[in-house]
Amino acid sequence: MSVDLVGFLGVVLVAYVVPGPDFLVVVSSATDHPAKGRAAALGAQSGLCVHMLAAAIGLSVLAARSPVIYDAIKLLGAAYLVHLGVRAVLAARRSARRRRAGHETPAHARGFDAPPSAGDEMARSRWRSGFTQGFLTNVLNPKAALFFLSVLPQFVHGDGSPARQIFLLGILDVLIGVAYWFALVTIAARLRTLLARPKIRHRWEVTTGWLLIGIGIGIAAA
C-alpha cells in the first residue's frame with residue numbers, strides 16, 4: 001500500500017489542533033475530573049471509529065448524497081451541543097444559588113467522606129457521562145463524516161483496496177487522537193486547582209456552556 005503519510009499526518013494534526021465541539025467537551029470533562037476527561041476522549045475517538053467504518057463500507061457516501069440524512073445528523077448534533085450547553089449553564093446557576101445559601105460543598109471535600117461503594121459508583125457514573133458526551137458529540141458531527149469521505153480519500157492510492165486503505169488511515173487517525181486528547185486532559189486537569197475557587201468555576205462553566213450553545217446554533221444554521 002502506498003499512501004502520502006506525511007501529508008496525511010499534517011492534515012490530521014491540524015484538524016486536532018483547531019478547536020471544535022469535541023475539544024470543549026474533553027477539556028470541560030477533564031476540569032471536572034481527569035478520569036472523566038479520558039473517558040470523553042475515548043468516547044470521541046469511538047465516535048470517530050463509527051465514521052471511519054461508515055466511510056470504509058460506503059455509508060458515508062449515501063449520507064453525503066442525501067440532504068435529508070445529512071441535515072438530520074447535523075441538526076441532531078447541533079441539538080445535543082445546545083443541550084450540553086444549557087445543562088452546564090443551569091448547573092452553574094444552581095451551584096451559585098446553593099453557594100449563596102451556604103449549602104455548597106467545597107470542591108476539595110466532595111466525596112471525601114463517601115463510603116468506598118459510593119465512590120465506585122461515582123467513578124462509574126463519571127466515566128459513563130464522559131464517554132457518552134464524547135461519543136455523541138463526535139458521532140453526530142457531520143464534519144467528522146465528511147473528513148473521512150472527502151479529505152481522507154485524497155491520500156488513498158489506486159494500487160490497493162480503497163476501503164482497506166481508508167480503514168488503516170482511519171485507525172492511525174484515531175490513535176493519534178487518543179494520544180493528543182490524553183495529553184490535553186493532563187494539561188486541562190491542572191486547571192482543577194484554579195477552578196476549585198467557586199467564582200472562577202462558575203465563570204468557567206457558564207462560559208463553556210454558552211460556547212457549546214453558540215457552536216450548536218452555528219452548526220444548525222450552517
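In which helix do glutamate 205 and arginine 201 both lie, and how many residues apart are they? Both residues belong to helix H10 (residues 198-221), where they are 4 residues apart, about one turn of the helix. The model examined here is predicted, so that local features need pLDDT of at least 70 and side-chain atom pairs count only at pLDDT 80 or more, whereas totals for chains, interfaces and linings use all residues. Residues are numbered from 1 along each chain as its sequence is written, and side-chain values use heavy atoms, with hydrogens and water left out.

The protein contains 10 helices and 0 strands, helices (H or I, at least four residues) and strands (E, at least two) being DSSP runs numbered from the N terminus. Along the sequence, the pattern is accordingly written α-α-α-α-α-α-α-α-α-α. Of the 222 residues, 37% count as buried, a term that denotes under 20% relative accessible area, with exposed meaning over 50% and partly exposed the range in between (1.4 Å probe, protein chains only).

In the whole structure, 5 salt bridges are found, each defined as a side-chain nitrogen of Lys or Arg within 4 Å of a carboxyl oxygen of Asp or Glu. Side chains of opposite charge can pair when their charged atoms come close. Through salt bridges that share partners, Asp32, Lys36, Arg201 and Glu205 are joined into one network. Arginine 201 counts as buried because its relative accessible area is 18%.

In helix H6 (residues 116-139), arginine 124 and glutamate 121 lie 3 residues apart, about one turn of the helix, and their side chains meet in a salt bridge (2.9 Å, N to O). Glutamate 121 also forms a salt bridge with arginine 128, for which the closest N and O atoms are 3.3 Å apart. These residues are partly exposed, with relative accessible areas of 43% for arginine 124, 38% for glutamate 121 and 44% for arginine 128.

The second largest pocket has a volume of about 470 Å³. On a 1 Å grid over the protein atoms alone, a pocket is an open set of points where a 1.4 Å probe fits, with protein on both sides within 12 Å along at least five of seven lines, and lining residues have an atom within 4 Å of a point; grid points are joined across faces, edges and corners, and the volume is the space filled by probe spheres set on the points. The lining comprises 19 residues, of which Ala15, Asp22, Asn141, Lys143 and Ala144 lie nearest the centre of the pocket. At least two lining residues are supplied by each of helix H1 (5-17), helix H2 (21-32), helix H7 (142-151) and helix H8 (162-189). By residue class, the lining divides into 13 nonpolar, 3 polar and 3 charged residues, where Ala, Val, Leu, Ile, Met, Phe, Trp, Tyr, Cys and Pro count as nonpolar, Asp, Glu, Lys and Arg as charged, and the others, Gly among them, as polar.

On the surface, Leu53, Phe167, Leu168, Ile171 and Leu175 form a nonpolar patch with about 410 Å² of accessible area together, to which H8 contributes the largest share, 4 residues. Such a patch is made of residues with over 30% relative accessible area and no salt bridge, nonpolar side chains (Val, Leu, Ile, Met, Phe, Trp, Tyr) being joined within 5 Å, and accessible areas come from the Shrake-Rupley method with a 1.4 Å probe, only the protein chains shown counting as cover for residues. Isoleucine 171, found in helix H8, is partly exposed at 32% relative accessibility.

Notes
Patches are made of residues with over 30% relative accessible area and no salt bridge: like charges are joined within 9 Å, nonpolar side chains (Val, Leu, Ile, Met, Phe, Trp, Tyr) within 5 Å.
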